[in-house]
Amino acid sequence: MGTYKLSERTLPIDDTWDVIVVGGGPAGAAAAAAAAREGAKTLLLEATGALGGMGTSGMVPAWCPFSDKKQMVYRGLAEKVFTQCTAGMPHVPPTQLDWTPIDPEWLKRVYDQLVTDAGARVLFHTVLAAVETDGAGAVDALIVVNKAGLSACSAKVYVDCTGDADLAAWAGAEYQKGDPETGDLQPATHCFALANVDMYGYAHCGRIRHGSDKPVIDDIIASGKYPLITDRHVCNNVVGPGTVGFNAGHIWHVDNTDPASVSDALIKGRQIALAFQQAMAEFFPKAFGNAWLSATASLLGIRETRRIVGDYLLTLDDYLDRRSFDDEICRNCYYIDIHLSVDETKLDKQGKIDHAKRDLHYGPGESHGIPYRCLTPKGLRNVLVAGRSISTDRAVQGSTRVMPVCLAMGEAAGMAAAHAAESRNPDVHAVDLSRLRTRLKQEGAYLPDPAP
């Protein structure tokens, strides 16, 4: 590929902000709300037309567990979002904390209200295009593009909630990506919804997914009639009247930092969604015989790309030890969930994958801490990272990448950014952690004191 030199130009700049958050998924929405709640003048930049990321534009049909099987672990703003989401779904029992369905349209408004009620400003359809730095570890400004063209904006502190650590990486932060040996990334999934489902029939088709007795997904694959359905991943939930949301199928070799790769995957994902609609109609005619493919997600379901190298790297040993930290800003109890590679999928069809050993789970009441230092990129003074790209090894990223924990760490990042912005020379590495943890607890965060 050749190069093109831009002509010299002057851009308009809005430099009135204390905190700018880039990315309006669960982590970003919580970060913006928390920063504004602390009194910081806060701007949230979102590339799509809605907040919520994978729970809304990505159409993931259910929340990962909010509890450790004894109590809710993700509290504060996370609990607020969860409670308001389920309040709009009458078929969901108020006591259900795990694998709770999501109505994506309802959840969009929940996030809108969360951020705007806190006082943050949102700009939709605004994409990060470049990052300007002072060459000494501080971000000076962001170059963004929207229907107004190119412009610049700057703040005292920035929170990177892009999911891919775009802001941090473009500012020069060190990062890791994928499997350390092969470079493989977890497969993507393109979620979708089937409407006009017969709910009585659906209630009697519990053999859809892998893990059930004689799962029909195996029969669908074995039939050879649906070559785009190649693996057993077929999570599904009732998300509304006569409507079932699917987090199903895998698309391998997708890199969300490569636009061509994502574009090809979205095209394939829509084909996979149609294949599932046709397969469900054939193999479960009482439930799906008259169902239609009502929507495919506008966002591709990406599980991993970059992971920043922060002041601390959370490891599998930390996870297995259920470790607590003096500077932890939230707890996490989700299992190690690394989706199968292409070769592993072939072995899984032969029954040669031991999921009990691969998918590591905690017992009731168990969790681990996430230290603040996982949110602070080495070498950058005024940037925090929250979401799936925090500083962990690949195994732990398979746990910390999901929406409940992203909400919890987003709240902490936004609050810390606001505290750092109070300083004449903001430094996210020098935030008063005692004050931060105290404020998080005051806002309802679950932060038990670490054992001696």
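Reader: Leaving aside its neighbours within four places in sequence, which residues is V127 in contact with?

Author: V127 is in contact with A47, I143, V144 and V145, once neighbours within four places in sequence are left aside. Contact here means heavy atoms within 4.5 Å. Please note that this is a predicted model, in which local features need pLDDT of at least 70 and side-chain atom pairs count only at pLDDT 80 or more, while totals for chains, interfaces and linings use all residues. Residues are numbered from 1 along each chain as its sequence is written, and side-chain values use heavy atoms, with hydrogens and water left out.

Reader: Where is the place of V127?

Author: V127 belongs to strand β4, residues 127-133. Helices (H or I, at least four residues) and strands (E, at least two) are DSSP runs, numbered from the N terminus.

Reader: Why does V127 count as partly exposed?

Author: V127 counts as partly exposed because its relative accessibility is 37%. The classes are buried under 20% relative accessible area, exposed over 50%, and partly exposed in between, with a 1.4 Å probe and protein chains only.

Reader: Next, T56. Buried or exposed?

Author: T56 is buried, because its relative accessible area is 2%. T56 sits in the loop between β2 (42-45) and α2 (77-87). Not counting residues up to four places away in sequence, T56 touches L51, P104, L107, K108 and Y111.

Reader: And P426, where is that found?

Author: P426 is in the loop between α13 and α14 (433-442). P426 is buried, with a relative accessible area of 16%. Beyond four places in sequence, P426 touches K156, V157, R381, N382, A420 and A421.

Reader: What is Y74 in contact with, sequence neighbours within four places aside?

Author: Y74 is in contact with P65, F66, E79, R331, N332, C333, Y334, P404, V405 and A408.

Reader: How many cavities of 30 Å³ or more does a search of the whole structure find?

Author: The search finds one. The largest cavity has a volume of about 70 Å³, and its lining consists of V73, Y74, R75, I329, C330, R331, A408, E411, L440, A445 and Y446. On a 1 Å grid over the protein atoms alone, a cavity is a set of points where a 1.4 Å probe fits but cannot get out, and a pocket is an open set with protein on both sides within 12 Å along at least five of seven lines; lining residues have an atom within 4 Å of a point. Grid points are joined across faces, edges and corners, and a volume is the space filled by probe spheres set on the points.

Reader: How do the residues of that cavity's lining divide?

Author: The lining of the largest cavity has eight nonpolar, no polar and three charged residues.

Reader: What about the second largest pocket: how much space lies in it?

Author: About 320 Å³. Of its 24 lining residues, I102, D103, P104, E105 and V239 are the closest to its centre. α3 gives the most to the lining of this pocket, with three residues.

Reader: Finally, how many aromatic pairs are found in the whole structure?

Author: Twelve aromatic pairs are found. Y334 and Y335 form a tilted one, at 4.7 Å centre to centre and 50° between the planes. Both Y334 and Y335 are buried. Rings of Phe, Tyr and Trp (its six-membered ring) pair if their centres lie within 6.5 Å; planes under 30 degrees apart count as stacked, over 60 as edge-to-face and the rest as tilted.

Reader: Which residues form one aromatic cluster?

Author: F192, Y202, F246, F276 and F288 form one aromatic cluster.

Conventions: Ala, Val, Leu, Ile, Met, Phe, Trp, Tyr, Cys and Pro count as nonpolar, Asp, Glu, Lys and Arg as charged, and the others, Gly among them, as polar.
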